[in-house]
Structure formats: C-alpha cells, structure tokens
Amino acid sequence: MGIEHINSDEILVPMNSWDTLTVYPEQPKTITTHGLSETAAVAILTETREGFARGYLQHYHLDNKTEGIKALEEAIDDQIPSDDERSSVVIMNASRVELNKNADPRLKPIDGNHSLRLAQICFDGLGKRLELRTIPFILLKQETSRGIGTLAIHMGRKPTALARNIVIAEAVPIIPRHYT
C-alpha cells in the first residue's frame, strides 16, 4: 500500500491505496489523504457511544477505479457496525461545473456511475445504520499540495470536543448526526 506514517498519531494514505485505523477514547489519531485530482476518496467512520472508533480511508485515481471498488468491498466486512454502532461515510468525487437547463451552474461528478457504485457498496454492506454524504470537488491546479483536496478522519478526541470522532472534507467538518 505504501502508507506513510507521518508520526504515531497520523497516517497519510497516498493515491491508489487505503488504510484503516482503530482508536480508543481520548487517544487522538488521524488518518488523512490529500491531493485529490481526478480521483474518488471514501472515508468510513464506525463508532460506538463509548467513543471507540474504526476508520477506513481510500483514495483511488479514476483510472484505477476497479482496484478502489475491490478494496472498498473487502473493507466493508471489517466496518459492519454492530447493534450499538453507527457508520458515517463521506465520498468525495472529482467533478466539473456544468450548466443545468436554467443555465445555473452545478457540480457533476466526472464519473457519476462510479460515484453511485461506491455509494451502493456502502449501503449494501453497512445497511440502515449508515449516514452517507457525497461531496463533489472541482479539480485544482495544485492537486499535490497538502491541504488541497483533503479528506481526513480525526478520531479519539476528548468528550468535551465538538464531536469525539469527525470526518473533515475540504476543511468542512462532517459531524455524525446521531451523536450531536
């Protein structure tokens, strides 16, 4: 996979790979990927009310989407929530601006079928205890810069924080609704 462990508290997932991370309450750790460009990235956060969390993060170029689908299908088995757990999924899709019939701009995934396939895998595997969001992003010229096109899962924060476990997409916090 070529995973870069930046330090003991942060894992960086490069393009065309995936990784998982399990944390205990109040032992903060982060799994992140950046430099999204013509890619799809998927973050799965599975957590208990006690604060234990499992995170899965993948980042695959659209040219390698078959590998990304296979990796997600295999990972879903390890992410299936038990009765006291819930999962949040964020799928980021490379998109382009198109005008609708009213000439209003909107973002459309470069490969909409792939985006739907990723979402379907998550729904099929994780069932009704799932909150799923898709986030389109526009291709940027500096796609290799850290912090541009970023998807991250911050886990194990103190209970006094906004949320113990949170997915960050393009610096926008995605807080699971069932724990707010």
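Reader: How many aromatic pairs does the structure hold?
Author: Happy to start there, with the reminder that this is a predicted model. Rings count as a pair if their centres lie within 6.5 Å. By that cut-off, the number of aromatic pairs in the structure is two.

Reader: What kind of aromatic pair do Y24 and F52 form?
Author: Their ring centres lie 5.5 Å apart, with 85 degrees between the planes. Planes over 60 degrees apart have their own class, so this pair is edge-to-face.

Reader: Where in the chain do Y24 and F52 sit, and how many residues apart are they?
Author: Y24 belongs to the loop between β3 and β4, while F52 belongs to the loop between β5 and β6. The pair thus links distant parts of the chain, and the separation is 28 residues.

Reader: Is Y24 buried, partly exposed or exposed?
Author: Buried would need under 20% relative accessible area, and exposed over 50%. Y24 has 46% relative accessibility, so it falls in between. F52, at 36%, gets this label too. For Y24, then, the class is partly exposed.

Reader: Which residue of β11 is the bridge partner of L151?
Author: Let's look at the strands: β10 (residues 151–155) pairs with β11 in the antiparallel sense, over four bridges. In β11, I166 and I168 point one way, V167 and A169 the other, and all are buried. The partner of L151 is A169.

Reader: What is the volume of the largest cavity?
Author: A search of the whole structure finds one cavity of 30 Å³ or more. Its lining includes L62, D111 and H114, and β5, β7 and α2 each supply at least two lining residues. The volume is about 40 Å³.

Note on methods
Residues are numbered from 1 along each chain as its sequence is written. This is a predicted model: local features need pLDDT of at least 70, side-chain atom pairs count only at pLDDT 80 or more; totals for chains, interfaces and linings use all residues. Side-chain values use heavy atoms; hydrogens and water are left out. On a 1 Å grid over the protein atoms alone, a cavity is a set of points where a 1.4 Å probe fits but cannot get out, and a pocket is an open set with protein on both sides within 12 Å along at least five of seven lines; lining residues have an atom within 4 Å of a point. Grid points are joined across faces, edges and corners, and a volume is the space filled by probe spheres set on the points. Buried means under 20% relative accessible area, exposed over 50%, partly exposed in between (1.4 Å probe, protein chains only). Two strands pair if DSSP finds at least two bridges between them. Rings of Phe, Tyr and Trp (its six-membered ring) pair if their centres lie within 6.5 Å; planes under 30 degrees apart count as stacked, over 60 as edge-to-face and the rest as tilted.
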